[in-house]
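Let's take a friendly walk through a protein structure, one stop at a time. Have the model open beside you and follow along.

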Amino acid sequence: MIKTINTYFNRQTSTAPLAVFRILFGLLMCISIIRFWSKGWINSLYIEPDFHFSYYGFEWVKPLGSYTYILFLICGISSLLVALGYKYRLAILVFFLSFTYIELMDKTTYLNHYYFVSVISFIMLFLPCNAQFSLDVVTKNKSYEKVPSWTIDSLKLMLGIVYFYAGLTKINSDWLCSAMPLKLWLKSKYDLPYIGQTIMQQDWFHFLMSWGGMFYDLSIPFLLLYKKTRSFAFILVIGFHIATRILFPIGMFPYIMIFSTLLFFDSNFHIRILEFFKNGIKILKIRTTSLTNNTSKQIKNYTTHKVSHLVITCFLFFQLIIPWRSLLYPGELFWNEQGYRFSWRVMLMEKAGSANFKILDSVTQNYFYVDNNDFLTPVQQKQMSFQPDMILEYGHYLGNHFKSQGHKNVAVFVESYVSLNGRLSQQFIDPLANLMELKETFKHKHWITPLNDEIKGF
Amino acid sequence: MFKKSIFYINLLFLLSISCTDPSESNENIVDNFDRQSMLENITDNIILPAFDDFSEKIEVLELSVITFSNDLDLASLEQVQSHLFEAYKTWQYIEMFSLEKAEEIYYVQKMNTYPATVSKIENNISTGIYDLDSNNNNWVAQGFPTLDYLLFGIADNASNTLLFYQNNDNIAHLKYLKDVVSQMVSITEVVRQDWISIRDIFVSSSDNSATSSLNTLTNDFIYYFEKGLRTNKFGIPSGVFSGNNTRSSKVEAYYNSNVSKLLSLEALNAVRNFFNGQTYNSASSGKSLKDYIAYMTEDTILNDAILTKFDEANQLINGLNDNFVNQINADNDLMIAVFNKLQEGVVLLKTDMLSILSISVDYIDADGD
């Protein structure tokens, strides 16, 4: 058994896929940061708001005022260094830390694809992605033709987990039996030329997209694995992600996924991409001799450390387990959102809410309502209004705010209503629960009013 | 390899084109909801006629103010007062359309920020230096609330008000009255003309983006329902935002508060008509948010719920004293009951309707999953 494992970890494969992946990932991340910056989101999401929603245990992670720009600058520069493969280990470490810090600053902006970037960059910390076609090769004068194949496999497995779990979570009665929420979203795309007022409005099309999306997510990792179906699968990947790009505002995610799936192609394909890059560099009249391995010392095999094997194995195991944690909670997952994040549950809900906070003096029984506009941005209000942990955190913030203003015996109540996947709205949080007396924990939130409907499936 | 890929991509395109082959999909078209015709109905049959009517009424008001300033008799004063009421009622059909030009020049804020600040008004009058166009600090010293003060609040009854204006010492007050009303006429005309000129562009912007006509109109409608109707007319005066300390001086038309109930009933009617797509001042109706909801949900559950809330709120308001100041002092709980009922309406509009129509909340431009 141990022998088999050791043999596996020592099996070697071409370095080219890792090099291509590093370059594309670094460039895409750099573009993402520039795009984020140019849209003014650093200011509107991290600097303008007075209050930020924290992750449990990460309350100390806060935006840094105007220094937040420097944080983004560091993140952008490190991503570029990753692409160039210059001081790669340090660069990817700085990228992972700065990017993850940015994501932890405010829960409001949680997106699965940001989490995906953190996860991938964590894995890359342990991979020799600079072993070929990098500035490190030039400076250290060492180039590796082969790397252990587990390095590429770990990335493939991670991608497989993302797709497969995204598919599994689509197996629920809302998605498959009512085509919800796709039906609502697609119908609202009436302004698309040609298809907007025709097929986008058709019932059969909503169901086709729902079922097709599920089968796509479940099968694509396997279709990419087998050589015979790989090209076809890649066409599907492009078609699927371009379609989602057209239909939904999902930023850079489609491109990240399209380029990531290139990993599944064999080394000849990647060697050709590297040749293509080399030709591009030649056109720029830069000396490429050292990059093209001619003068640098050719070392055949790169050996990875046992610690890396252990860390990545544990990490991937953890990734397999963590999406299932929602099973530990009673009640409807989509409604309670306990264990919803970090589980590759993508586009499964159209959820909207309204939350009216009431500050009560528990002795005099005098109360007043809060105008959320005084404390939160519209984006924060929207996200807070249907996520119990955010409602609780904001409730505490309000309570403490009014205490510090001299209010006595402060109790905080919320009258909140939420509508889920086209259902009529219903009460969301127990209106008699004093939020000041509740604590955020990993335990079941008994103060959520249960959904009066059942969604079957994952 | 790449050649093969290109071949597959082309194949995919061919497949997708054949899917949208018109001859095939024509049979399948369910009667598709036409958002442009909804925008046309709202613009041509609700917004434009309301502005026409309002601009007429505000001009009549201006004329009667001029007559009053010349004649300075009781009959012309009473004429001004009744024309003010007529214009204020019609205004309730205008206030929710705080978009386009109106938004740009802060039209609604200039017309109806209440309560007016008396010290500001008196200061403007005594110094004679004021810029009603500025967007800084004169919102509380112009528009309907200021007219309300100058015509009902300056003395305790009509004959004393007349005596006040007949006094030559108060000629500056008379001038301010004329300036305020002429400012109202001119900014109304600016907004009305703008509606006429942008009409075609406005109705054709039926896509679903943060800045499209449909989205801004719907968001403004909800904003008005929540802020203009629920908060300003009921919430703030009844003290629900101020720890149960009632603020009866913050009712709309405070100095002539006998009309407060009538004004709020007009406002609720305006909201209901907009939702139903009912033509201004007429019983006929066209495409509206209600039809759009019915198209999206394929049933009438949400529509019925929303219309029921409107009806229930209407009933509750009808049960109030004509004068909200009296109502608040006698039994504030009934005011709060209206606030709560309207809040239930806010939930349905903001949560259910926006979600069903997939209309994004104003100004949000960010990535999703």
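A residue counts as buried if 20 or more other C-beta atoms lie within 10 Å of its own, and as exposed if 12 or fewer do. Keep in mind as we go that this is a predicted model.

You will find A:Asn141 in the loop between helix 7 (135-140) and strand 2 (142-148) of chain A. Its backbone deserves a look too: the phi of A:Asn141 is near 60°, a positive value in a residue other than glycine. Most residues other than glycine have a negative phi, and most peptide bonds are trans.

Now move along chain A to another loop, the one between helix 9 and helix 10, where A:Ala179 lies. A:Ala179 has a positive phi as well, near 55°. Is A:Ala179 buried or exposed? With 20 other C-beta atoms within 10 Å, A:Ala179 is buried. The loop between helix 9 (173-177) and helix 10 (182-187) of chain A also holds A:Pro181. The peptide bond leading from A:Met180 to A:Pro181 is cis, with omega near 0°. Chain B has a cis bond to point out too, from B:Tyr114 to B:Pro115, with omega near 0°. B:Pro115 sits in the loop between helix 6 (107-112) and helix 7 (118-127) of chain B.

Next, look at a helix in chain A. Helix 6 of chain A covers residues 112-124, which makes 13 residues. Which residues of helix 6 of chain A are buried? They are A:Tyr114, A:Val117, A:Ser121, A:Ile123 and A:Met124. An α-helix has 3.6 residues a turn, so residues three or four places apart point the same way. The buried residues of helix 6 pack against helix 2 (16-38), helix 5 (88-105), helix 8 (149-168) and helix 15 (306-321), also in chain A.

Further along chain A, four strands form an open sheet in the order 5-4-6-7, with antiparallel pairing. Strand 5 (367-369) and strand 7 (426-427) stand at the edges with a single partner strand each, so one side of each has no neighbour in the sheet. Strand 5 is joined to strand 4 (residues 351-361) of chain A by three bridges. Here A:Ile359 stands opposite A:Phe368 in strand 5 of chain A. Helix 18 (residues 388-404) of chain A packs on the sheet, where it touches strand 4 and strand 6 (410-420). The direction of helix 18 makes about 150° with that of strand 6 of chain A.

Of the 369 residues in chain B, 46% are buried. Look for helix 3 (residues 35-71) and helix 10 (residues 171-204) of chain B, whose axes come within 9 Å and cross at roughly 160°. That angle is why helix 3 of chain B counts as roughly antiparallel to helix 10 of chain B. The crossing of helix 3 and helix 10 of chain B is left-handed. Finally, among the contacts in chain B with a separation of 6 or more, 74% come from residues 24 or more positions apart.

Methods
Residues numbered from 1 in each chain as written. Chains lettered and ligands numbered in written order. Predicted model: local features only at pLDDT ≥ 70, side-chain atom pairs only at ≥ 80, totals over all residues. Helix = DSSP H or I, 4+ residues; strand = E, 2+ residues; numbered from the N terminus. Expected span 1.5 Å × (residues − 1). Contact = placed C-beta atoms within 7 Å. Pairing = 2+ DSSP bridges. Axes fitted to C-alpha atoms, helices over the stretch in contact; angles between N-to-C directions. Parallel < 35°, antiparallel > 145°, perpendicular 65-115°, else oblique. Left-handed = near helix turned anticlockwise from the far one by under 90°.
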